[in-house]
Each structure stands twice: as structure tokens, then as C-alpha cells.
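Here's a quick briefing to read alongside the model. Have the sequence and the 3D view open as you go.

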Amino acid sequence: MKEFAQLTMKDIAEHFGTSVATVSRALKDSPRISASKRIAIQEYANEHNFCPNTIAESLRNSKVMQPKLIGVILPEIVHYFFSSVLAGIEEEASKHGYRIMVAVSDEKYEREVKICKSFYENKVCGIIVSQAKDTKNYDHFNRLIDSGVPLVFYDRICTGVDASRVVVDDYKGAFTAVEYLIKAGCRRIAFFGSPMTLEISKNRYNGYKDALLKHKLPIDTALTRFCDNRPDAEIITPELLNKEDRPDGFFAVNDDTAIGIMYAAKRMGFRVPEDIQICGFTNGQRAIACDPMLTTIEQRGRKVGSEAVDILIKKVEGVIPKGKVERRIVKTRLVIRGTTKEVGG
């Protein structure tokens, strides 16, 4: 991918010793500019990856003041957590007179790179992003920072990028969930999580492990599965429940996975929570739409979104120094429902 554009029409004008208006006309292939000059200006602009500010231009033409625009990248839109983060972002941004431009990476690195480039070309004042699962190279993020575009990560952060971030307390949430399962009588607890390339997966897995260690229960890697969606959970769960030393509890990285585990277990004839206890992580609408309703960790997506906007706006407006990395952690809470037993019950 090419470097993000650094050049302005003023820079091009200075290079050719002409006016910005002449450069603008040349780039639009106006016959008012000689063919030789048009070609020279266009070639120079292409060589230096010049990208016109289309938003600013359209606003100039309409005589409307340029809005304060924030780019937002979601890994996916259908997930309750990400949609609730978006709601928090939009609400907080609106309070401060900012608008948002939203794009979905669909969990794909290449799409994420293109979105970053598009946001830069459209001159957003900053970007709020949760990285795609496929992302292992962070050059596109570092280029944005080098170009002076403030970045704030939420939920999925890039340890290889020196940028501000807002996360939920994934470790504490997972620890609390697994400890509750243990106190409710579980002794063999399976972990269904996302790939360990994501920091949230590492933190939740560490919380899971430390809860087992605290209560002197063995860490059995045979009970760990990289599974973070319902369809896969419905396929993988029977494999574990058919074992002689089957798990009696499950901790899942999100609610959809937990619900997949539950329905797979029920189809096999297991009772929930009498035979199998399950805890998820999100507390979205699906957690109360299943039977029994799901015990889960509440992620507080709206709070994550509003905190991310607060950091970004303060960076844009100079309240937080440009080079300062801001780190904020949003607390989680355990919501106990029907997929777990009462402690002591």
C-alpha cells in the first residue's frame, strides 16, 4: 500500500510557482490550463500520491462550514457489543458538535487498510478503531499516527502501535466469571475463546487460568478451544461433551458462543444448569432471549464508545497533548441468570 498523502494543492502550487486555483483547474483537466502544464501538474500529483479533500471541496461549494468528522472502524456491525459501542460514540460525538463516518472491516486486514486510507483522504480529524481479527501488520495504523491523525483503539488494541486505547477489564471479567462457576460447583471448566493474537483473548484466558489456579483446579489444555461464534460452538461442543471426563462448565468469550454451547448441550440431553453450567461475555439482547437466560459478563459498550470519543476530541482540541498515550479501563460486572446455579445452592 502507498504512503498516505501528505501533499496539498498549496504545496503543488509552490512547486510550480503558480496559484492554487491553477493547480485545482489542472487537476480537473480544465482546458483553461495549457496541456503541458496540466500533464506536468497531474503527473507530479500522482507521483506524490496527492489525494484531494473531497469533503472540504464540496462544503466550500455549498458555503457550509466544514463539520468536525470522526472516522469509526467496526470489525462487524451485527455484534451487540460493537453496535452498542457505536451508539456510545455517536451520542458523545454529537454532544460536542462532531459527526461520525462509519466503516466495517468485516474482520479483514486488507479492508481495514483501505478504510484507513479512505478516512485519511476524506480528512477525518481522528479515527476510533477496533482491529480486525486478521490484522497482524500495523503499518497502516503507524502511518496514520506519523501523518498526524489521532488514533484511539477500543476493545481490540494493537500492542505494536503507540496509541491511546479504551478496553473493558477483560482479565477481571473472565476471572470473576470462572470463579463464580467454581463456587457454583464446577470442577472441569472449558474455555471457548478467540485467537490468541488478540489481546482480549490473552487477557480473558489469563483470567480463566488464574481463577482455576486460585481454587487449585488443574489447567487442562484439552478443554481449551479457539471458537468465538455460535455455529462453530454448536459443532465443537458435542466433541467435548462426548468425552468420559466431560466438562461440567463452560466460559465463552462472547454471548453468541455461550448460546451455541447451551443449545448443543440441550440437544444432547444435558440439562442447563443442572448438568452443565455456562457463562458468556457481553450481556446483549440475546442473553435474555434464550432459554434459560444467560449468565454473562456485562461489557458496557456504550461506556467504551463514549470514553473513546472523549479521548479523541481532547486530543484533537489539544486538551490531551498529541504525543500522550491515554489508557482507560471500563469495569465489567457479572450478571447472574439461569445458565448457572446459585452459589451454595
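Predicted model: local features only at pLDDT ≥ 70, side-chain atom pairs only at ≥ 80, totals over all residues.

Residues are numbered from 1 along each chain as its sequence is written, and side-chain values use heavy atoms, with hydrogens and water left out.

**Overall picture**

- The protein chain has 345 residues, and 52% of them count as buried (under 20% relative accessible area; exposed is over 50%, partly exposed is in between, with a 1.4 Å probe and protein chains only).
- Its C-alpha trace spans about 85 × 35 × 30 Å along the principal axes.
- The protein chain holds 12 helices and 12 strands, which are DSSP runs numbered from the N terminus (helices: H or I, at least four residues; strands: E, at least two).
- Among contacts with a separation of 6 or more, 72% come from residues 24 or more positions apart; contact means heavy atoms within 4.5 Å.
- The accessible surface of the protein chain comes to about 16200 Å², and carbon and sulfur atoms account for 50% of that (Shrake-Rupley method, 1.4 Å probe; for residues, only the protein chains shown count as cover).
- On the charge side, there are 52 positive and 45 negative charges, with mean positions 4 Å apart. Lys and Arg count as positive and Asp and Glu as negative, leaving out His and the chain ends, and each charge is placed at NZ of Lys, CZ of Arg, CG of Asp or CD of Glu.

**Nonpolar cores**

- The largest nonpolar core has 63 residues, and the members touching the most others are Ile128, Ile189, Phe192, Phe250, Phe251 and Ile278. A nonpolar core here is a set of buried Ala, Val, Leu, Ile, Met, Phe, Trp, Tyr and Cys residues joined through side-chain atoms within 4.5 Å.
- Setting aside neighbours within four places in sequence, Ile128 contacts residues including Ile70, Val72, Ile89, Val152, Tyr154, Ala308 and Leu312.
- There's also a second, separate core of 21 residues, with Ile115, Val129, Phe153 and Cys158 among them.

**Helix H8**

- H8 (residues 170-183) has 14 residues and reaches 20 Å from its first C-alpha to its last, close to the 20 Å expected at 1.5 Å a residue; the expected span is 1.5 Å times one less than the number of residues.
- Because 10 of its 14 residues are buried, H8 is largely enclosed by the rest of the structure.
- The buried residues of H8 include Asp170 and Glu179, along with Phe175, Tyr180 and Leu181.
- After H8 comes Gly185, with a positive phi near 110°.

**Helix H10**

- Thr237 sits in H10 (residues 230-241) and is buried, at 0% relative accessible area.
- Not counting residues up to four places away in sequence, Thr237 touches Phe192, Phe250, Ile261 and Ala264. Phe192 and Phe250 are also on the list of core members that touch the most others.
- Pro231 and Ile261 are 30 residues apart along the chain, with their C-alpha atoms separated by 9.4 Å.

**Strand S12**

- Arg333 belongs to S12 (residues 333-335) and is partly exposed, at 46% relative accessibility.
- Leaving out residues up to four places away in sequence, Arg333 touches Thr296, Ile297 and Glu298.
- Arg333 and Glu317 are 16 residues apart in sequence, yet 33 Å apart in space, C-alpha to C-alpha.

- As background, most residues other than glycine have a negative phi, and most peptide bonds are trans.
- Val272 and Pro273 are joined by a cis peptide bond, with omega about 15°; Pro273 falls in the loop between helix H11 (255-267) and strand S9 (277-282).
- Asp291 and Pro292 are also joined by a cis peptide bond, with omega about -5°, and Pro292 is in the loop between S9 and strand S10 (295-298).
- Asp29 has a positive phi, near 60°. It lies in the loop between helix H2 (20-27) and helix H3 (35-47) and is partly exposed, at 46% relative accessible area.
- Asp106 has a positive phi of about 55°. It is placed in the loop between strand S2 (98-104) and helix H6 (109-121), and counts as partly exposed at 43% relative accessibility.
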